[in-house]
Amino acid sequence: MRVSAAFLLVLAAFAAWTGAASAQPRQLPALAPAAEDGLQRALTRGRLTEAQYALERARSLFRLGAVRREFGDVERPAGRDATLILRDLAIRLRELSGAERRQGERVLARPGDGDVQVGNGWSPAATRATPDCGVGDEVCVHWVTTTSDKPTDLSYPARVQDTFEAVWDHEVETLDYREPLPDFGKGGDDRLDVYLDNLGRGIFGYCAPDTDVLLHFPSDFAYPVYCVVDDDYSVAEYGTPPGDPPDPDGFLKVTAAHEFFHAVQGAYDLFEDGWLMEGTATNMEETVYPDLDDNIFYLRSFSPLTRPGSPLDRWGFGDSEYGSWIFWRFLEEKVFGSDPTVIRRVWERAAWAFGPDDYSLQAVARVLRANGRNLADEFRRFGEVNRLRAYLDGSHYPRTPTHRSFRLGTGRRSTGWQARRLNHLTTHYISFRPRRSGVSRRARLRVEVDVAGSGGRASLIVHRTNGTFGVRRFALNSRGRDVRHVSFARGAVRRVDLILSNGSSRMRRCFTDDFAPLYSCLGVPRDDRRNYRFHARLRR
């Protein structure tokens with residue numbers, strides 16, 4: 001039954017692909033961003049093609065010293081980027097030939113597939129165990145019983161299988177995502193294969209397409225994959241596991257939730273934008289294991305909470321694609337009432353072989369529109385929720401920065417007209433605080449905004465001294481202007497926040513190669529550098 005289902009799935013994928021391919025061409029996704037190092041310079045100067053660069057960047061995951069000897073100051077790739085780095089090589093493999101093609105195949109080979117000396121291969125001297133995956137199970141775990149790749153705890157392989165089976169149940173059975181594509185019997189049958197390997201080097205795990213399957217699979221955009229996780233996640237290599245108290249299998253659990261979702265993405269479209277791929281996979285850690293909170297690290301590192309002035313859909317810049325997971329959390333918790341299936345609906349629209357093949361922002365906007373919502377309006381609300389940290393785990397999240405603060409009262413009763421330039425999908429926060437003198441107990445604050453242009457929005461949050469707050473939104477006219485009056489009473493109001501929001505999702509020149517920042521569809525935003533103005537005046 002599994003083989004028949006797999007065969008029918010392949011036929012369906014082929015039929016969908018041929019119809020879609022005739023209607024719209026697709027180019028390869030951008031290379032995963034990396035440091036400006038020897039490899040980047042070799043690519044820029046034409047010494048390397050994109051395919052050759054992808055090969056060397058993938059080699060640097062596992063054989064950094066060898067790559068440095070040839071290209072000089074090559075940065076060690078972030079281990080969390082392994083999946084996209086290996087994807088870059090896999091989808092460009094057909095552009096290589098001869099020795100380079102063979103080396104690329106060895107980098108991408110599964111552990112145990114012959115004499116693998118480039119990637120995370122098992123030593124040829126290792127003895128491979130034959131795990132009992134169980135009848136009807138969806139995942140098969142592979143491990144060895146000798147060499148440094150063997151698990152130190154004999155119970156660990158069973159825990160890995162139980163964890164991946166639990167993740168499968170949650171993501172596929174409960175949330176109704178498509179299951180990973182069958183791999184034509186690689187690893188023994190069509191079940192998802194998970195390999196235990198001594199990873200280290202900051203690599204928690206990865207999923208990669210099979211080279212032989214990739215070269216013959218009828219779709220260029222949806223692939224079956226195999227996954228690799230560490231053989232023990234020892235504290236010496238990875239530090240204290242997440243959880244309070246720490247869960248001994250915490251790193252295994254969040255890695256399984258994250259990487260398995262990459263395997264799921266392979267059944268939709270592996271060519272999608274990086275912020276969609278990594279943001280939704282990182283959010284899945286929170287969805288499946290809400291008590292572990294390992295992904296809060298990315299909120300503190302680079303996220304719409306800590307860097308609201310950076311476009312939401314930018315990726316490859318300071319871990320921004322990982323920090324964007326808070327937007328998907330916002331959609332789940334706040335827009336759709338704790339409904340995690342909203343992200344599935346986005347992926348269904350983004351799918352190449354099975355859906356409309358929207359690019360990431362298109363998919364989000366159209367899912368919202370189908371539910372009577374507008375992306376610019378919801379992005380404004382996103383800024384409000386972030387400012388208030390009004391999430392289920394919000395007390396653990398970092399606070400948003402204030403871009404400008406004004407104290408009004410004696411000596412200064414008005415800000416005068418002020419201006420800020422906002423790029424697409426960014427937010428700026430301006431605060432107004434009452435001075436100790438010159439502010440009566442009946443004082444009001446008059447705030448006028450001019451945020452003309454597509455996606456422009458504004459709102460006010462009044463923070464009261466008793467700990468409560470109120471939100472007032474501007475109803476902009478056709479010129480993008482409006483005025484709001486709110487309480488600014490001495491002793492009753494702690495501060496008033498003005499939130500300026502550029503919720504534009506309009507892009508042009510999609511899928512071109514001549515635009516450096518990586519945004520949705522590799523396109524050029526149409527509404528960046530918009531000039532937003534505001535004026536606040538104290539009224540007695």
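**Entry 1**

I began with Asp 176, which lies in the loop between helix 7 (156-174) and strand 2 (192-197). I took helices (H or I, at least four residues) and strands (E, at least two) as DSSP runs, numbered from the N terminus. The model is a predicted one, in which local features need pLDDT of at least 70 and side-chain atom pairs count only at pLDDT 80 or more, while totals for chains, interfaces and linings use all residues. Residues are numbered from 1 along each chain as its sequence is written, and side-chain values use heavy atoms, with hydrogens and water left out.

I noted that phi of Asp 176 is near 70°, a positive value in a residue other than glycine. The relative accessible area of Asp 176 is 49%, so I recorded the residue as partly exposed.

Arg 344 itself belongs to helix 15 (residues 341-350) and is buried, at 13% relative accessible area.

**Entry 1. Strand 3**

I looked up strand 3 (residues 205-209) and found five of its five residues buried. Gly 205, Cys 207 and Pro 209 lie on one side, Tyr 206 and Ala 208 on the other, and both faces are covered. I kept in mind that side chains in a regular strand alternate between the two faces of the sheet.

Strand 3 pairs with strand 4 (residues 225-230) in the antiparallel sense, over five bridges. Two strands pair if DSSP finds at least two bridges between them. Val 229 in strand 4 is the bridge partner of Gly 205.

**Entry 2. Pro 245 and helix 10**

I found a cis peptide bond between Asp 244 and Pro 245, with omega about 0°. Pro 245 sits in the loop between helix 9 (235-238) and helix 10.

Helix 10 (residues 250-265) has 16 residues and spans 23 Å from its first C-alpha to its last, close to the 22 Å expected at 1.5 Å a residue. The expected span is 1.5 Å times one less than the number of residues.

**Entry 3. Helix 14 against helix 17**

I asked at what angle helix 14 (residues 325-335) and helix 17 (residues 375-388) pack. The angle is about 100°, and the axes are 11 Å apart. Helix 14 is therefore roughly perpendicular to helix 17, a term that covers 65 to 115 degrees. Axes are lines fitted to C-alpha atoms, for helices over the stretch in contact, and angles run from 0 to 180 degrees between N-to-C directions.

Ile 326, Phe 327, Phe 330, Lys 334 and Val 335 of helix 14 meet residues of helix 17 including Leu 375, Arg 381 and Phe 382.

I traced an open sheet of five strands in the order 5-7-12-9-10, with mixed pairing. Strand 5 (404-408) and strand 10 (469-473) are its edges, each pairing on one side only. Neighbouring strands of this sheet are turned by 20° against each other on average, direction ignored.

Strand 9 (residues 456-464) and strand 12 (residues 493-502) run antiparallel and are joined by nine bridges. Ala 458 stands opposite Leu 500 in strand 12. Helix 17 packs on the sheet, touching strand 7 (426-434), strand 9, strand 10 and strand 12.

I also looked up Thr 402, in the loop between helix 17 and strand 5. Thr 402 is partly exposed, at 40% relative accessibility. Beyond neighbours within four places in sequence, Thr 402 contacts Arg 387, Tyr 429 and Ser 431.

Seven bridges link strand 8 (residues 444-450) with strand 15 (residues 530-539), and Val 447 stands opposite Ala 536 in strand 15.

Technical notes: Buried < 20%, exposed > 50% of the residue type's maximum accessible area, 1.4 Å probe, protein only. Parallel < 35°, antiparallel > 145°, perpendicular 65-115°, else oblique. Contact = heavy atoms within 4.5 Å.
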